Amino acid sequence: MRVLSFPPVSILIVGGSGYLGRCVVRQAVAAGHAVAATYTRRPGDADVRWLSVDLRVPEQIAAAFTAVRPSVVINVAVRSADWATTADGAARLAAAVGGHGCRLVHVSSDAVFSGRDVHYDENALPDPVTPYGAAKAAAESAIRALTPSAVIARTSLIIGDGDSKHETLVRDLATGRRDGELFVDDIRCPVHADDLAAALLEIAAGDGTGTVHLAGTDAVSRHELGVLLARRDGLDPALLRPGRRADSARPGALDIRLDGTRTQKQLTTRLRGAHEFLAR
Ligand SMILES: NC(=O)c1ccc[n+]([C@@H]2O[C@H](COP(=O)([O-])OP(=O)(O)OC[C@H]3O[C@@H](n4cnc5c(N)ncnc54)[C@H](OP(=O)(O)O)[C@@H]3O)[C@@H](O)[C@H]2O)c1
């Protein structure tokens with residue numbers, strides 16, 4: 001992992017105890033920033049200042065700003081389709097950022113899209129088809145209105161070195177711990193958590209505004225991703241049963257490819273494709 005060096009700033013990482021949050025915290029500390037991070041259930045392991053902040057509770061947000069006085073806030077908090085957290089909570093945080101005059105980098109999702117157009121660049125407008133996607137889209141709108149100087153960073157499936165929820169699922173399927181299929185018609189542009197965290201910190205240190213796309217360069221189906229993961233982990237990909245989302249009762253978008261060409265041109269951090277970061 002390459003750690004880019006920027007002048008140290010005081011960063012508040014909201015949702016720092018989550019999967020992506022832990023990675024951002026780790027890299028921010030390694031880069032020498034003064035880091036504080038939030039959790040709701042339990043703090044992460046990193047040796048930073050941990051604050052209990054529930055985005056549904058305005059007083060807790062205000063207390064965190066008073067305690068930390070951050071110059072940058074990176075919001076990676078989410079509670080799936082829970083509107084009070086994912087939509088209202090993100091809006092509440094954006095309002096607090098506006099009041100304190102600091103910079104906001106907010107992580108959004110490819111779930112804001114329906115998949116109807118397949119290819120989505122940074123100018124594409126949300127047309128969500130799931131409650132989670134709708135909450136993420138609502139958060140984007142609120143942030144754009146409340147803090148026009150914010151960066152909204154849409155991303156896709158976040159993969160790491162074995163510990164993401166997507167990797168756990170594939171491991172469970174490939175070892176028979178869980179039964180199920182991986183869709184061949186459900187296509188995304190997975191990103192490595194290290195690349196994503198580095199890009200978020202690079203953006204946090206800059207002065208850009210607006211919407212960016214931080215996704216990997218390869219469009220792969222859930223099944224193809226599973227095969228790549230299984231091969232990397234020495235598991236038998238033949239045990240991963242292919243299926244079609246279109247034939248299933250599971251709602252959700254099919255083919256969503258985040259196009260981050262414009263974003264990548266502005267970044268030093270390179271966002272690798274799944275074939276590269278999952279190569280054995
Ligand atoms: N994972 C993916 O593949 C993926 C794909 C596309 C986009 N994203 C986006 O990437 C970001 C990070 O996702 P992730 O997978 O790292 O999520 P995660 O592991 O579920 O972590 C979520 C974080 O949000 C915190 N949180 C939950 N409810 C909260 C509340 N009411 N108030 C304040 N904080 C709350 C959690 O704290 P506790 O754990 O302490 O409760 C945790 O720190 C999210 O914006 C997500 O929408 C993720």
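**Close-up views of a predicted model**

View 1. Buried here means under 20% relative accessible area, with exposed set at over 50% and partly exposed in between (1.4 Å probe, protein chains only). Strands are DSSP runs of E with at least two residues, helices are runs of H or I with at least four, and both are numbered from the N terminus. This is a predicted model, where local features need pLDDT of at least 70 and side-chain atom pairs count only at pLDDT 80 or more, while totals for chains, interfaces and linings use all residues. Residues are numbered from 1 along each chain as its sequence is written, and side-chain values use heavy atoms, with hydrogens and water left out. Strand β7 (residues 151–155) pairs with β12 in the parallel sense, over five bridges; two strands count as paired if DSSP finds at least two bridges between them. Look for Arg 154, whose bridge partner in β12 is His 213.

View 2. Rolling a probe the size of a water molecule over the atoms shows where empty space is left. A pocket is an open set of points on a 1 Å grid over the protein atoms alone, where a 1.4 Å probe fits, with protein on both sides within 12 Å along at least five of seven lines. The volume of the second largest pocket is about 220 Å³, taken as the space filled by probe spheres set on the points, with grid points joined across faces, edges and corners. Its lining has 16 residues, and those nearest the centre are Ile 203, Gly 208, Thr 209, Val 212 and Gln 266; a lining residue has an atom within 4 Å of a point. Which element gives the most to this lining? That's β12, with three residues. Each of α6 (193–205), β12 (210–214) and α8 (261–265) supplies at least two. By residue class, the lining splits into four nonpolar, seven polar and five charged.

**View 3. Strand β2 between its two partners.** β2 (residues 34–39) is mostly covered, with five of its six residues buried. To reach β2 from β1, the chain passes through helix α1 (residues 19–30), and this β-α-β crossover is right-handed. In other words, with the strands pointing away from the viewer, the path from the first strand over the helix to the second runs clockwise. β1 (residues 10–14) and β2 run parallel and are joined by four bridges, with Ile 13 opposite Ala 37 in β2. β2 is also joined to β3 (residues 49–52) by four bridges, again in parallel; here Ala 36 has Arg 49 as its bridge partner in β3.

**View 4. Two aromatic pairs.** Rings of Phe, Tyr and Trp (its six-membered ring) pair if their centres lie within 6.5 Å; planes under 30 degrees apart are stacked, over 60 edge-to-face, and the rest tilted. That rule gives two aromatic pairs. Tyr 39 and Trp 50 are edge-to-face, at 6.4 Å centre to centre and 70 degrees between the planes. Tyr 39 sits in β2 and Trp 50 in β3, so the pair ties together parts that are 11 residues apart in sequence. Both Tyr 39 and Trp 50 are buried. Phe 113 and Tyr 120 are stacked, because their ring centres are 4.1 Å apart and their planes are at 15 degrees. Phe 113 is buried at 1% relative accessible area, and Tyr 120 is buried at 3%.

**View 5. The loop between β2 and β3.** Thr 40 is found in this loop and is partly exposed, at 36% relative accessible area. Thr 40 and Ser 52 are 12 residues apart in sequence, yet 5.5 Å apart C-alpha to C-alpha. Ala 46 lies in the loop too, and is partly exposed at 29%. The C-alpha atoms of Ala 46 and Cys 23 are separated by 9.9 Å, across 23 residues of chain.

**View 6. Two positive phi values outside glycine.** Arg 69 has phi near 45 degrees. This residue lies in the loop between α2 (58–68) and β4 (72–75) and is exposed, at 59% relative accessible area. Ser 80 has a phi of about 40 degrees. Its place is the loop between β4 and α3 (83–100), where Ser 80 is partly exposed at 47%.

Methods: Ala, Val, Leu, Ile, Met, Phe, Trp, Tyr, Cys and Pro count as nonpolar, Asp, Glu, Lys and Arg as charged, and the others, Gly among them, as polar.
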